[in-house]
Amino acid sequence: MAPSASAAEPAAESAAESAAPAARPVLWYPEPAAEWLAALPLGNGRLGAMVHGGTGTEELQLNEDTLWAGSPHDFVNPRAAGSLAEARRLVLAGEWDAAQRLVDADLMGVPVRQPPYQTVGSLLLDFPADGPGEVSGYRRELDLDSGVHTVSHLRDGVRHHRETFASAPDQVIVVRLTADAPGAVSCTARLAGPLAEEVSASGPDSVSMTGRGGDWEGVPGGIRFHAVVQAVTEGGSAVSSPDGLLRITGADAATLLIAVRTDHRAWNLAPGGDTLGACLGDLLGAAGVPYPELRDRHVRDHRDLFRRAALELPLTPASALPTDRRVAAFGDGGADPALVALYFAYGRYLLMACSRPGTQPANLQGLWNDLTDPPWGCKYTININTEMNYWPAAPANLLDCWEPLFTLLEELSEAGARTAREMYGAQGWVAHHNVDAWRGTAPVDGAFWGMWPTGGAWLSLAVWEHYRFTGDLAALRRRFPVLAGAARFFLDSLVTDPGTGELVTCPSLSPENAHHEGPGGSLCAGPTMDNQILRDLFDAVAGSCELLGTEPELAQRVRAARARLAPMRIGAQGQLQEWREDWDSGAPEPHHRHVSHLYGLHPGAQITRAVPELMEAARVTLEQRGDAGTGWSLAWKINFWARLAAGDRSFKLLADQLTPRHTAPNLFDLHPPFQIDGNFGAVAGIAEWLVQSHAGELELLPALPGALPAGRVRGLLARDGFEVALEWADGRLTGARLLSRLGRPARVRYTGAAGLAVVRDGGAVETARPEPGLTVFPTEPGGVYLLTVAR
């Protein structure tokens, strides 16, 4: 591996400045996709396409992020407020089955299931089958660095080439068809979908499809949509027909522009608007732009985000295999470190593609869904999955992609205030374990899963994490009402356990896990995870009050409530207890996929080397839980073991995830079925191997796996405003570069040496070493600091 300039040479510019990756980060295949999970995803945050790469028929399955079933709706059960006190009494008395019957009858939302995210349908391109039709030299690929999907193949002596991308600047999906023979581009384009109501010509060279989101368990479908495809040809002709077929004949090249719009306005407003006019507006802007310029605008926009960070690991012969074969070989122990780098790049690509400022947040499948009733509704599951979606946003240098989550939080704080008031008689706001496009915040799906009031609190902690990474006081001030409202809800709704005097959430549960057999076995009061989240929430609110110089009384109240929460407890087996009581050994599912009580280890920072007894209890818990799990569960365990500085065990979890059971041919994470959270959780875990900053220090290579003895990374972000590039060989740090965005003191830990030497602008920087492995030095805003192992 060649020396890294980013780690060895000073530079005034940010480590995130555009630089082409050393090896093209590409997913590629020698045949078309035979299933949806082999198709390749494109997205501009709002519009998504799954490109199959067919030669006889090409399919682009389409999504628009506001196409959901249902319409604005209040999910709060009108009986909830009157039954809450009795539900609490039953839980505190240990009458869990009776509590569940009551919660299911009176506290669950109406309807009990929230409406799902739905597919637009597909654009189908049918190619003529004149002549023998033999196809050879086929290749399809997704170039992550450009965000362009290509298909190339030879047929009847003619080389055909297609490029497809989802443009954020122009808000259209673009398909470019060319051939190496004049007049050889011909196809018929048509739109189809399960929600379609009409397919027709919308102009002489365009066709359209209209439809409506579905009704849902008594909630009428309100979202209407239009999809329009327009052809721009070079030579030949493009003609639409009343039945919705668009025929391209004898062209030298053709560009298809795809626009999709819904009449969604806001979570709390009835849909309405001119969807056709909105589509035509998108097309009018794009159709007048030459294809090279359309492509260039897209690529520039894409690379502005993608090239902010990169991980490079050595290539091996396995690196040349098609992507799905690399996954199969990796699971069998094949040496392919570069697949880890590709998976890291792909996760960053996916977050860019499904979450941009102004769009909906990444849902359970990001943006991509081919069904009208997908698994778990393809919603926002906020007892781990939505949070995991955004774990890479800061460390992987995609802060812009975090923005939709903050918009979601603002909307939930408004919708959840109604739920807090009507269901709990409380101030502030609450959201339970699932929310949807209509920002339903009542408990749903059933008491066993849904009676968890802490989802909104966990999600709201993104506000504080954003400040910790960026130091952006203006953003913290703007979003402080979200944090404060989440805390006010618990100040009003926590109850005193008469047996212990502790403040507890009640009724609650440890997400989706039971402590006893029986239908009510999940319900409890004050589970460990709730207390951990509330400690973090109360600390964040108190810290924000101090920073912003506001609401000292609120700060005093949250500190007082925090002091009355139950502490983390170590059980008889040496494990961290999942509940206040030591029920773990008798729980029906000892290897449950959720490991919620280790929130304090990751993503929280309550379990660190400063409390070794809790670190050991967390390790015992993970050993008891075992390594097996769903895709997203494996991803969480990657992070857990990284926080325990167990790089090899963490890598083993990634190897378990990168198998055909848990990774689709297109590298989508599989629960199974597909859930995108595992992709994002793995990216965060890989970043944790290289840089950690949760415990008040910036630690380099804290959990480097032995399987990755050499490599380099640039553009990782750390808390306190640092950007990090580093390089390692033979398992040891060879150089690092810190860009200090905020000018805060740097506390850098590297356990592989007694200390680090620091240089800025060619001159040595004075450092302190308060303990072996820890180097402390001052920084200035915009300063670049080069670090090497001290001799």
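**Spaces, a strand and a helix**

Reply: Let's start with a lining: around the largest cavity, the residues divide into seven nonpolar, four polar and two charged. Nonpolar here covers Ala, Val, Leu, Ile, Met, Phe, Trp, Tyr, Cys and Pro, charged covers Asp, Glu, Lys and Arg, and polar covers the others, Gly among them. This is a predicted model, in which local features need pLDDT of at least 70 and side-chain atom pairs pLDDT 80 or more, while totals for chains, interfaces and linings use all residues. Residues are numbered from 1 along each chain as its sequence is written, and side-chain values use heavy atoms, leaving out hydrogens and water.

Me: How many cavities of 30 Å³ or more does a search of the whole structure find?

Reply: Rolling a probe the size of a water molecule over the atoms shows where empty space is left. Here, the search finds four cavities of 30 Å³ or more. (On a 1 Å grid over the protein atoms alone, a cavity is a set of points where a 1.4 Å probe fits but cannot get out; a pocket is an open set with protein on both sides within 12 Å along at least five of seven lines; lining residues have an atom within 4 Å of a point.) The largest cavity has a volume of about 100 Å³, counted as the space filled by probe spheres set on points joined across faces, edges and corners. It has 13 lining residues, and Gly43, Ala166, His298, His302 and Tyr349 are the closest to its centre. At least two lining residues come from each of β2 (40–43), β8, α5 (291–306) and α7. These names are DSSP runs numbered from the N terminus: helices are H or I, at least four residues, and strands are E, at least two.

Me: Is serine 167 buried or exposed?

Reply: Serine 167 has a relative accessible area of 1%, so it is buried (under 20% is buried, over 50% exposed, in between partly exposed, with a 1.4 Å probe and protein chains only). It sits in strand β8, residues 158–167. Beyond its neighbours within four places in sequence, serine 167 contacts Asn44, Val172 and His298, contact being heavy atoms within 4.5 Å.

Me: What volume does the second largest cavity have, and which element gives the most to its lining?

Reply: Its volume is about 50 Å³. Helix α12 gives the most to the lining, three residues. Among the residues around this cavity are Arg88, Tyr424, Phe489, Phe490 and Cys506. The lining splits into eight nonpolar, two polar and one charged.

Me: What about the largest pocket: which residues are the closest to its centre?

Reply: The largest pocket has a volume of about 750 Å³. Of its 36 lining residues, Glu465, Arg468, Pro603, Gly604 and Arg719 are the closest to the centre. Helix α11 (455–470) is among the elements giving two or more residues, as are α13 (528–548) and α18 (677–690). The largest share, eight residues, is from α11. By type, the lining has 22 nonpolar, six polar and eight charged residues.

Me: Which residues of helix α14 are buried?

Reply: An α-helix has 3.6 residues a turn, so residues three or four places apart point the same way. In α14, residues 552–562, the buried ones are Leu554, Ala555, Val558 and Ala561. They lie on the same side of α14 because they cover an arc of only 130° around the axis, taken from the directions from the helix axis to the C-beta atoms. Pro552, Glu553 and Gln556 are exposed on the other side. The buried residues of α14 pack against α12 (473–493), β21 (503–504) and α13.
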